[in-house]
Amino acid sequence: MSLRKIVPPTMKELFIKEIEGKILSGEWKIGDRLPTEREMAKKTNVSRTVINSGLYELAQNGFVEIIPRKGVFVGDYIRNGQLNTLLSIINFNGGKFDKKTFDSLTSYRIHFDCECAYLVAQNRTDDDLKLMSSIYKKALETTDNTEIFQLKFQFLHAIYCATGNNIYPLVCNSFKKLCITFNEIIYRIFGCEPITYMGKLIDAIEKKEPDRARRIMYEFLTERIDDLKQVYFKD
């Protein structure tokens, strides 16, 4: 039994989270002018140095726009953001998404994962196949839910790696939190998540049948997303 080291967040991280929360919640809207650094320092009891550094990072991620001699304004983070912006959206409110964000993310997953399944069936190596089979075998044997969530992500990552595209695994890594969060939600609602799709997908990949591989991935994703959406937005 082991414990990992607990590292408290820095003042800068807390400040950034506070500002992101006000923006993502809609309390501060695009175009709104933020208080001055002096005002924020007084209200938050945080040094102006920390606030200045935090605002710069927020600007890098599209949450604010710094206009010299005019001030700092809430930015259009959807148009101007990057991967870190997406991670902030995912982490906001404990992984609870509004319908538009939910639909946008799941639509992207369907398109991208199905394309990757198609490419893997064309480009996979024997080593890729062995890795996917090994992960599937572990998933069948384990009864630990946390391990299953991790193994499902490892399987997805193995697929992205096997496409032959060096950028796709990096994209997959950026969605790790999202994938695991969705798996946890699905488990809480529906119980143990079926993993038989892995076996079907491996069979299509092994036989180099790209159309079937894409179809299997599509059917699995759309079925689970439809089930999840009905419960996720029932209120």
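I start with Thr-163, which touches Cys-116, Leu-119, Val-120, Asn-123 and Tyr-168, leaving aside residues up to four places away in sequence. Keep in mind that this is a predicted model. Thr-163 sits in the loop between α8 (145-161) and α9 (168-174). Is Thr-163 buried or exposed? Its relative accessible area is 3%, so Thr-163 is buried. Its side chain also has polar neighbours in the backbone. A polar atom of that side chain lies 2.7 Å from the backbone oxygen of Tyr-160, and the backbone nitrogen of Asn-165 lies 3.2 Å from a polar atom of the Thr-163 side chain.

Next, the hairpin. Strands β1 (residues 64-67) and β2 (residues 71-74) run antiparallel and are joined by 4 bridges. Ile-66 has Val-72 in β2 as its bridge partner. The hairpin has 3 residues between the strands, and Arg-69 takes a positive phi near 65° there.

Last, the charged pairs. The whole structure has 11 salt bridges. One of them links Glu-57 and Lys-12, with the closest N and O atoms 3.1 Å apart. Glu-57 is in helix α3 (residues 48-60) and Lys-12 in helix α1 (residues 11-24), so this pair ties together parts 45 residues apart in sequence. Glu-57 is partly exposed at 33% relative accessibility, and Lys-12 is partly exposed at 28%.

Asp-126 and Arg-124 form another salt bridge, the closest N and O atoms being 3.1 Å apart. Here Asp-126 counts as exposed, at 52%, while Arg-124 counts as buried, at 12%. Finally, a network of salt bridges links Asp-203, Lys-207, Glu-209 and Arg-212.

Methods:
Residues are numbered from 1 along each chain as its sequence is written. This is a predicted model: local features need pLDDT of at least 70, side-chain atom pairs count only at pLDDT 80 or more; totals for chains, interfaces and linings use all residues. Side-chain values use heavy atoms; hydrogens and water are left out. Two strands pair if DSSP finds at least two bridges between them. Helices (H or I, at least four residues) and strands (E, at least two) are DSSP runs, numbered from the N terminus. Buried means under 20% relative accessible area, exposed over 50%, partly exposed in between (1.4 Å probe, protein chains only). A polar contact is a pair of N or O atoms within 3.5 Å; within protein, one must be able to donate a hydrogen and the other to accept it, and residues adjacent in sequence count only if both atoms are side-chain atoms. Contact means heavy atoms within 4.5 Å. A salt bridge is a side-chain nitrogen of Lys or Arg within 4 Å of a carboxyl oxygen of Asp or Glu.
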